[in-house]
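Reader: I have a few quick questions about this one. Can we go through it piece by piece?

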Amino acid sequence: MNCIIIDDEEMARAIIAQFITKHTDLVIANEFSNAISAIKYLNQNQTDLIFLDIHMPDFTGFDFIQTIKNPPKVILVTSDKNFAIEAFEYECIVDYLVKPITKERFEKAIQKANAVKLESAPKEVKETKTKEEDNTNEFYVNIDRRLIKIEIPLVTIVEAKGDYIHIKTENKNYIVHSTLKKIEDKLPQDLFLKVHRSFIINTKKIIDIEDNSVLIGKDVIPVSRSNRPELMKRLNLL
Amino acid sequence: MELANLNYINELSGDNVEFKAKLIAILKKELPEELAVYESYNARGDFLQMAQSVHKLKHKISILGLEKSYYIAEEYENNLKNNSTELQADFEIILKNMLDFVALL
């Protein structure tokens, strides 16, 4: 099996690579310290198995799985035992290794990976419009072939990152394969404002404002010069 | 205070001297970097990011065979997520001991 390793910790990558090298059924195709590089690689290369860290800057392992088409088998690698239940939600996750990894536990994970066959149907992540989106309190997005309802009043920030949109709400984050314009069209204009070419914010969630940014929750969102007048105008109405 | 050791690294490496040297080199490079990240978040009082840093450092604590220290780190990580710095002093002693140990490798 062709394998890749995705972990921001070099020590973890070195250890997993050593286990893979010693295993006759496995070949290391590549290693990545961040999920974005791995996504680009996966879009162009056939991979059979991913060793994936859960806790990474910007992207969690679960966010990563939701964004890739036709995810191969995944073995999660983490220091955190608490995600085992969530791991079961994902068909592609075949096992869950807790660091520090032992040889015996690694071997067991590979046996599980060999035993599992995934569906070959593609799992596309895309945004879809439905009738329910006429309701201004909610809209739906398509994630991993499931329609996910997002409550509009809970949305705090929408951020464009490459081909994906990150939708941050008060209790959960979503990553959707879409454009900022498409998501912007779903949101009520009296509540949401595009403050930067990559950011839309819920104006009711603003905590503080500085010259070139707003604070929403713990996130500092840049405000472009061209969008600032509209933001100021909008706030005068609050 | 329990003592750091290379038992896990020795077990992983076996007779592979080159691989053992590689792991030690990574340890000597990454541990101070991760510690610096933790200290920068500590200086800002960013408890959530400090918890993330502690989470990352836990792996190195376990690699160095510090089992009791691992549980202290885990408890400290949870405390930080609940906006408490309880066990900070204990955790930072663990970090210092690790740094001192790694510096001698």
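**Working chat**

Author: This is a predicted model. One place to begin is Asp95(A), which, leaving out residues up to four places away in sequence, touches Val74(A), Ile75(A), Leu76(A), Arg105(A), Lys108(A), Ala109(A) and Lys112(A).

Reader: Where is Asp95(A) found?

Author: Asp95(A) is in strand β5 of chain A, residues 93–98.

Reader: Buried or exposed, that Asp95(A)?

Author: Asp95(A) counts as buried, because its relative accessibility is 7% and the cut-off for buried is under 20%.

Reader: And which side chain is joined to Asp95(A) by a polar contact?

Author: That of Arg105(A), with a polar contact of 2.8 Å between the two side chains.

Reader: Switching to chain B. What are its elements, in order from the N terminus?

Author: The order is α-α-α-α-α, so chain B has 5 helices and 0 strands.

Reader: How much of chain B is buried?

Author: Of its 105 residues, 44% count as buried. The accessible surface of chain B is about 5600 Å², and carbon and sulfur atoms hold 53% of that.

Reader: What share of the chain B contacts with a separation of 6 or more comes from residues 24 or more positions apart?

Author: They account for 59%.

Reader: Now the interface. How many residues does the contact take from chain A and from chain B?

Author: It takes 21 residues from chain A and 22 residues from chain B. About 1900 Å² is buried between the two chains, with 57% given by carbon and sulfur atoms.

Reader: How many salt bridges between chain A and chain B?

Author: The count is 4. In one of them, Lys56(B) pairs with Asp8(A), and the closest N and O atoms are 2.6 Å apart.

Reader: Which element gives the largest share of the chain A side?

Author: Helix α1 of chain A, residues 10–21, with 7 residues on the side that touches chain B. By class, that side has 7 nonpolar, 4 polar and 10 charged residues.

Reader: What does Lys60(B) meet in a salt bridge?

Author: Glu9(A), at 2.8 Å from N to O. Glu9(A) lies in the loop between β1 (2–6) and α1 of chain A, while Lys60(B) is in helix α3 (residues 47–63) of chain B, so the pair joins two chains. Both Glu9(A) and Lys60(B) are buried.

Reader: What about inside chain B: which residue forms a salt bridge with Lys58(B)?

Author: Glu74(B) does, with the closest N and O atoms 3.8 Å apart. Glu74(B) is in helix α4 (residues 67–81) and Lys58(B) in helix α3 of chain B, so the pair ties together parts 16 residues apart in sequence. Glu74(B) counts as partly exposed at 22% relative accessibility, whereas Lys58(B) counts as buried at 2%.

Reader: Which residues do salt bridges that share partners join into one network?

Author: The network holds Asp7(A), Asp8(A), Glu9(A), Asp53(A), Lys99(A), Glu30(B), Glu34(B), Lys56(B) and Lys60(B).

Reader: Last one: how many salt bridges over all chains?

Author: The structure holds 21.

Definitions and conventions: Residues numbered from 1 in each chain as written. Chains lettered and ligands numbered in written order. Predicted model: local features only at pLDDT ≥ 70, side-chain atom pairs only at ≥ 80, totals over all residues. Heavy atoms only, no water. Helix = DSSP H or I, 4+ residues; strand = E, 2+ residues; numbered from the N terminus. Buried < 20%, exposed > 50% of the residue type's maximum accessible area, 1.4 Å probe, protein only. Contact = heavy atoms within 4.5 Å. Areas by Shrake-Rupley, 256 points an atom, 1.4 Å probe, with all protein chains shown as cover. Buried area = accessible area lost by both parts, 1.4 Å probe. Salt bridge = Lys/Arg side-chain N within 4 Å of Asp/Glu carboxyl O. Nonpolar A, V, L, I, M, F, W, Y, C, P; charged D, E, K, R; others polar. Polar contact = N/O pair within 3.5 Å; in protein donor to acceptor, adjacent residues only side chain to side chain.
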